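Welcome! Take a moment to look over the sequence and the 3D view, and then let us walk through them together.

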Amino acid sequence: MLDILAQFGVLFLIGGYPQGPMGGLAGTVILSALSLALAFPLAVGLGIMRTSVQRRWRWPATAWVFTLRGTPLLMIIFWAYFAVPLLVGKQVSPFTTAVCAIVIYESAFLAEVVRAGLQAVTRGQMEAARSTGLTYLQAMRHVLVPQALTSMLPSLVNQFVSVIKATSLAYVIGVPEVTLAAQQVNSMVLTRPMQVFLILAALYFLLCFTLSRLADALERHLTRRRAP
Amino acid sequence: MTLDFAFLLAGPQAAQLAAGLATTFRLFAGAWLLAVAFAVALAVLRAAPLRPARWLVAAIVEYHRNVPLMVQVLIWYFGVPQMLPTALRIWVNHQDSEFLFALIALALNTGAFMSEDIRSGIRAIPPTQMEAARSLGLRFLPAMWLVILPQALRIAVPPMLNQTLMLFKNTSLAMAIAVGELTYRVREIESETYRTFEIFLLATVIYLTMSFTLMGLGAWFARRFPPLVRA
């Protein structure tokens, strides 16, 4: 196993870079971080719509969230593979396709995190903000969202773990990331798939386990701070 | 753009789609049954007064939670046969090994997640319940089975239904190892007919119908059977 790591370690970490696009574990991290960063503003908007008392805002967001939560990510990736080039009118890279699919998919899950965060802020906050003369959106922007963000930080880190795991599906459309790198290594080594895929599992595990622990630590820290 | 689903009936596509749907449901039902059994076993083992057992369960759960399901599937399909003795490997290769390994990977993954839901359920039951059961003369396992689990499962069912929904969606990953389930068949039909929009739409509607049913079931259960002890 160590010899595989010694021979193909670079491929695992950065893929075919610098001859080709950045891939491997670095590709996975870039794809995940970019997708999460792009999904977040969308999710804040959806989360605010989901907590609205007005149906015309609440219903479209609810439909969006439930539809995407009910569809397998692979289906969404294939939809993106088919629809994104039609919508933008030119060929797009597998990487862009994967980002689009994951952003749309994760926006639904993140929106629920945002909604839970907003609902955890006490009602009095909104009432107090409105009574000082702020409009609904100003109250959201300056009073509710900042407080909600703090309390949802652990969930956000956990969502990052979910996104990292989700990016492993992108290899089916040939996105350069670590699962694709492992497939390439496996087709070169041929005889020892178990070792190759265990290395892959270990890489994901290190990344995701560390982040999960970070989320737990944040959660404990926030609970302690909230306690009187 | 006009939608035309007539192409499905013109060739063998309708039969392919039906076969895919049947495989998806076989995979889903089989993995679900195995997952629930595995989850109960893990949760009970974790609650048992045996430190090595608790560590083992924790390791199993953390592996399944922190490694993508796709990688778990690849390990089962490509890695595990290599580890088997030759005779067994030949036997496995003569079976429907893609389906078998996808089933195992899905079941273990879902079971690990569900065991955490059951564990939360067990922890919500006051420890005095176990003490009372034990002092009546019940051994650990009967006390668990007859007293703790029935109450814990009632709390654990809504999150377990959520995991069931995840399992249903995750059956689509089996296409990566060429199991002829719904997503795989849909891709096959797409490349035969080029009716991408229609066939993707149909598949999405099929997935959504089942997903919404499971979500509805979860909401109904939580309303109909609220936890008896405060979680």
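From the N terminus on, chain B reads α-α-α-α-α-α-α-α-α-α, which amounts to 10 helices and 0 strands. Please keep in mind as you read that this is a predicted model. Chain A is built from helices too, with 9 helices and 0 strands, and its pattern along the sequence is α-α-α-α-α-α-α-α-α.

Here are the two chains side by side.

| Chain | Residues counted as buried | Span of the C-alpha trace along the principal axes | Contacts (at least 6 apart) joining residues at least 24 apart |
|---|---|---|---|
| Chain A | 42% of 228 residues | about 70 × 50 × 30 Å | 71% |
| Chain B | 40% of 231 residues | about 70 × 50 × 25 Å | 79% |

**Where the chains touch**

How many residues of chain A are in contact with chain B? On the chain A side there are 27 residues, and they meet 28 residues of chain B. Four helices of chain A each supply at least two residues to this side: helix H3 (55–69), helix H4 (73–88), helix H8 (178–189) and helix H9 (193–226). The most comes from H9(A), which gives 11 residues.

**A cis peptide bond in chain A**

Next, look at the loop between helix H1 (2–14) and helix H2 (24–50) of chain A, where you will find A:Pro18. A:Tyr17 has its place in that loop between H1 and H2 as well. The peptide bond that joins A:Tyr17 and A:Pro18 is cis, with an omega of about 5 degrees. This is worth a second look because most peptide bonds are trans.

What surrounds A:Tyr17 if we leave aside its neighbours within four places in sequence? With those set aside, A:Tyr17 is in contact with A:Met22 and A:Gly23. There is also a residue from another part of the chain to find: the C-alpha atom of A:Pro176 is separated from that of A:Tyr17 by 9.9 Å, although the two residues are 159 residues apart along the chain. Is A:Tyr17 buried, exposed or partly exposed? A:Tyr17 counts as partly exposed, because 16 other C-beta atoms lie within 10 Å, and that count falls between the limit of 12 or fewer for exposed and 20 or more for buried.

A:Leu190 is not a glycine, yet its phi is positive, at about 65 degrees. Because A:Leu190 has 9 C-beta neighbours inside 10 Å, it counts as exposed.

In chain B, turn to B:Tyr194, which is found in the loop between helix H9 (182–193) and helix H10 (196–224). B:Tyr194 is not a glycine either, and its phi is positive, at about 60 degrees. Why does B:Tyr194 count as exposed? B:Tyr194 has 11 C-beta neighbours inside 10 Å, and a residue is exposed if that count is 12 or fewer.

Note on methods:
Residues are numbered from 1 along each chain as its sequence is written. Chains are lettered from A and ligands numbered from 1 in the order in which they are written. This is a predicted model: local features need pLDDT of at least 70, side-chain atom pairs count only at pLDDT 80 or more; totals for chains, interfaces and linings use all residues. Two residues are in contact if their C-beta atoms, placed from the backbone, lie within 7 Å.
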